[in-house]
Amino acid sequence: TVVQAPIVKKLRAVGVVEADPTNRTDVVLRFAGYVEKLFQGKIGDTVVKGTPLMRVYSPELTPAQNEFFLTHNDGSTGFHKITFDRLRNLGLSEKDIAGIRATGKPAREVTITAPEDGTITEINVREGSSFGKNQTLYAIGDLRKNYIVARIFQKDLRTLVPGQSVQ
């Protein structure tokens, strides 16, 4: 008997799985400092937005906080807004600033939290290490969408079509 069926050619290739780079968030601070404590220290850990990543100390934050308290206590609303904006520009959230205001004194250390849900794909600091302004400290990626990057011989390219499924 003769059966009509498509001709299938198997193609084997070597490839690597890569995370979608558009679904990556870098944790970058706008000040230099030192890592006092890491709360999330393993690549592959899953985090949700707001999960504490690390506690840091920065000599740049103390003077900015002192100015904030000076202007807050003297009732100068214009200067108070400027010092509030300075803390925001250094990367502190309104929640961080409210916590500092509630204690009534500058915080020696600040807790840095995960900006998005995802999986830690990169850690570039350790406890006790220093970090620079604008240095990527953590990378957090959404690993639900990935790519397979395969090496295909040129002679086999004509057998592939865009959108073709692979196993």
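This is a predicted model: local features need pLDDT of at least 70, side-chain atom pairs count only at pLDDT 80 or more; totals for chains, interfaces and linings use all residues.

Me: Thanks! How many bridges join strand S5 to S6?

Reply: Strand S5 covers residues 52–57 and runs antiparallel to S6. At one point of the pairing, Pro 52 stands opposite Thr 113 in S6. The number of bridges joining S5 to S6 is five.

Me: Which strands are the edge strands?

Reply: Four strands form an open sheet with antiparallel pairing, in the order S6-S5-S3-S8. An edge strand here pairs on one side only. The edge strands are S6 (109–113) and S8 (130–131).

Me: What is the handedness of the crossing of H1 and H2, and how do the residues of their contact divide?

Reply: The crossing of H1 and H2 is left-handed. On the H1 side the contact has Ala 64, Gln 65, Glu 67, Phe 68, Thr 71 and His 72, which meet Phe 79, His 80, Thr 83, Phe 84, Arg 86 and Leu 87 of H2. These residues divide into five nonpolar, five polar and two charged.

Me: Which residues of H3 make the contact with H1?

Reply: H1 (residues 61–73) and H3 (residues 94–103) pack at an angle of about 65°, with axes 11 Å apart, and the crossing is right-handed. H1 contributes Gln 65, Phe 68, Phe 69 and His 72 to the contact. Its residues, counted over both helices, are four nonpolar, two polar and one charged. From H3 come Ile 97, Ile 100 and Arg 101.

Me: What is the orientation of H2 and H3 to each other?

Reply: Their axes come within 10 Å and cross at roughly 125°. Angles of 65 to 115 degrees count as roughly perpendicular and those over 145 as roughly antiparallel, with the rest as oblique. H2 and H3 are therefore oblique.

Me: One last thing: how many charged residues are in the contact of H2 with H3?

Reply: H2 passes H3 in a right-handed crossing. His 80, Phe 84, Leu 87 and Arg 88 of H2 meet Glu 94, Ile 97 and Arg 101 of H3. Among the residues of this contact, three are nonpolar and one is polar, and the number of charged ones is three.

Terms used: Residues are numbered from 1 along each chain as its sequence is written. Side-chain values use heavy atoms; hydrogens and water are left out. Two strands pair if DSSP finds at least two bridges between them. Helices (H or I, at least four residues) and strands (E, at least two) are DSSP runs, numbered from the N terminus. Axes are lines fitted to C-alpha atoms, for helices over the stretch in contact, and angles run from 0 to 180 degrees between N-to-C directions. A crossing is left-handed if the near helix is turned anticlockwise from the far one by less than a right angle, and right-handed if clockwise. Contact means heavy atoms within 4.5 Å. Ala, Val, Leu, Ile, Met, Phe, Trp, Tyr, Cys and Pro count as nonpolar, Asp, Glu, Lys and Arg as charged, and the others, Gly among them, as polar. Angles under 35 degrees count as roughly parallel, over 145 as roughly antiparallel, 65 to 115 as roughly perpendicular and the rest as oblique.
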